[in-house]
Amino acid sequence: MNEMNTDVVVIGGGPGGATTAALVAEGGHGVTLFERNAEPTFKVGESLMPGTYWTFERLGLLDKLAKTAFPRKYSVQFFGASGRGSAPFYFNENNPHDSAVTWQVLRSEFDTMLQDNATEKGAKVVRGAKVIEVLFDGDRAAGVRVKMPDDEEQVVRSQVVVDASGQSALIARNLKIANVEPKLKKASVFTHFENAFRDDGIDEGATLILQANDKNVWFWYIPLPEDRVSVGAVGDIDYLFADRSLDAQEIFDRELEKCESVQERIRDARQVMPMQVTKDFSYRAKQIAGDGWVLVGDAYGFLDPVYSSGVFLALKSGEMAADSILDGLAKGDTSSEQLGGFQEEFLGGMESIRKLVYAFYDKEFSFRKFLMANPDCTQGVVDILSGDVYTKDVTPIFEPMSEMCELPTEDF
Ligand SMILES: Cc1cc2nc3c(=O)[nH]c(=O)nc-3n(C[C@H](O)[C@H](O)[C@H](O)COP(=O)(O)OP(=O)(O)OC[C@H]3O[C@@H](n4cnc5c(N)ncnc54)[C@H](O)[C@@H]3O)c2cc1C
């Protein structure tokens, strides 16, 4: 079997892996990224949080993003079970800066842009290459075994292995350190429509979150380029698939019957993609790094899709992991402590979003009632929805919130 060496191997060319690869390569180290898909591929995860701005700035991608046809997202708006909409949460209301507006993206194009950027910064990006196994010398990760695009197997030895393999979570599953959150075992059925209703002006690119009338599922409504809209229904997996005789399309149609506000928006629309299904269980690995390895994005943990936080957290952890790798390589230290030094800070921001996820799923909780009773918490909610969880202290909102709903503890 062929063998080669590189400083850092990255598994996966999603937002997390491509960010780490770009920043470590920019720091002058040898980086090889393996992405199993040979071609740009459809992926769910189309709505960004404004907090992504700062990683894009560091990656030098803001100009490129500004030139795309991706719709600009200024706000998120919630519709309750009655069909009544909250006032939109505009990210730029108290922050009139470019960083308060973001994009709705086609992931095939977006991920390719991030991978190309990693290549431009000096990383070797190999598409159509599937990592079969992470190799360990004792407890230390020492490289990977890869099936290359020509179907030959290759061993690649490295000082650090970055697992950014998304929900495949190669290392966390292999080491059996991934914990699933029992209360958030969700699943989704989703598709794209053309010619669906779009709001005007700055609301045109808004993400809408719409509850069905029995609150068993909620729908996302995400405007995309070329007159497309992404629409998905999310509910407990046991509820969505209770009737095993129904296929994904029939489940979506059943739930659509219970959500007039989505029905109205897609009345004249044409479905342009077969119905897709995915499991959205929330989970988290017990540790973010070990000797010679570090986890990034979904390979570390996944939070429910309701606030579109996945890409933001993947970019953020990709950036934090890159910094700990650069520092570690400079010191000759690729220990668990060095590589995982960002875990506490990263988890702190993730936990704030997780608390708001719990509030959303509490059938007694309503943002409207909460903010009417606690108007001084509005900015904290907007900060979390924006992804400003690492730059601002959003935690004061949780005490009054805990009086209206049950918030999670850190462990699960
Ligand atoms: C239903 C649903 C809706 C969502 N909606 C949103 C949203 O609106 N906004 C948002 O921000 N997030 C959303 N997310 C979450 C978002 O999709 C993810 O959090 C995000 O893509 C994570 O990025 P990543 O780089 O960690 O992983 P990924 O984007 O999953 O990238 C991992 C990459 O690794 C590759 N890979 C996997 N295994 C291997 C292997 N063995 N060898 C080589 N390559 C491999 C994969 O092909 C993939 O390209 C949603 C998720 C779900 C389930």
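Figure 1. Gly387, which follows α13, has a positive phi, near 85°. This view, like the others, is taken from a predicted model. Helix α13 spans residues 378-386, and its buried residues are Gly380, Val382, Asp383, Ile384, Leu385 and Ser386. The cover over these buried residues includes strand β4 (75-79), strand β5 (89-90) and helix α11 (343-361).

**Figure 2. Helix α1 and its surroundings.** The 12 residues of α1 reach 16 Å from the first C-alpha to the last, close to the 16 Å expected at 1.5 Å a residue. Because 12 of the 12 residues of α1 are buried, the helix is largely enclosed by the rest of the structure. The buried residues include Pro15, Gly16 and Gly17, together with Thr19, Thr20 and Glu26. Packing against the buried residues of α1 involves the strands β1 (2-11), β2 and β10 (153-163), as well as the helices α2 (53-59), α4 (107-120) and α9. Gly28 follows α1 and has a positive phi, near 95°.

**Figure 3. The shell around the ligand.** The ligand is surrounded by 39 residues, of which Gly14, Gly45, Gly166, Gly297 and Gly310 are the closest. By class, this shell consists of 18 polar, 14 nonpolar and seven charged residues. At least two shell residues are supplied by each of α1 (15-26), β2 (31-35), β8 (130-137) and α9 (310-331). Helix α9 gives the largest share, four residues. Domain 1 (2-64 + 105-180 + 285-341) and domain 2 (186-279) each contribute at least three residues to the shell.

**Figure 4. The largest nonpolar core.** This core holds 116 residues, and the members that touch the most others are Ile11, Ala21, Val162, Val294 and Leu295. Its largest share, nine residues, comes from helix α9. In soluble globular proteins, nonpolar side chains tend to be buried together. When residues up to four places away in sequence are not counted, Leu295 touches Asp163, Ile171, Ala172, Ala285, Ile288, Ala289 and Tyr300.

**Figure 5. Domain 1 and domain 3.** The domain assignment of the protein chain gives domain 1 (2-64 + 105-180 + 285-341), domain 2 (186-279) and domain 3 (363-412). A separation of 31 Å is found between the C-alpha centres of domain 1 and domain 3. Contact between these two domains joins nine residues of domain 1 to six residues of domain 3. On the domain 1 side, the touching residues comprise four nonpolar, four polar and one charged.

Figure 6. Ala169 has a phi near 40°, a positive value in a residue other than glycine. Its place is the loop between strand β10 and helix α5 (170-174). Ala169 has 23 other C-beta atoms within 10 Å and is therefore buried, the cut-off being 20 or more. Asp227, also not a glycine, has a positive phi of about 60°. This residue lies in the loop between the strands β14 (217-223) and β15 (228-236). Asp227 has 14 C-beta neighbours inside 10 Å and so counts as partly exposed.

Terms used
Residues are numbered from 1 along each chain as its sequence is written. This is a predicted model: local features need pLDDT of at least 70, side-chain atom pairs count only at pLDDT 80 or more; totals for chains, interfaces and linings use all residues. A residue is near a molecule or strand if its C-beta atom, placed from the backbone, lies within 6 Å of it. Ala, Val, Leu, Ile, Met, Phe, Trp, Tyr, Cys and Pro count as nonpolar, Asp, Glu, Lys and Arg as charged, and the others, Gly among them, as polar. Domain bounds come from an automatic or database domain assignment. A nonpolar core is a set of buried Ala, Val, Leu, Ile, Met, Phe, Trp, Tyr and Cys residues joined through C-beta atoms within 7 Å. Two residues are in contact if their C-beta atoms, placed from the backbone, lie within 7 Å. The expected span of a helix is 1.5 Å times one less than its number of residues.
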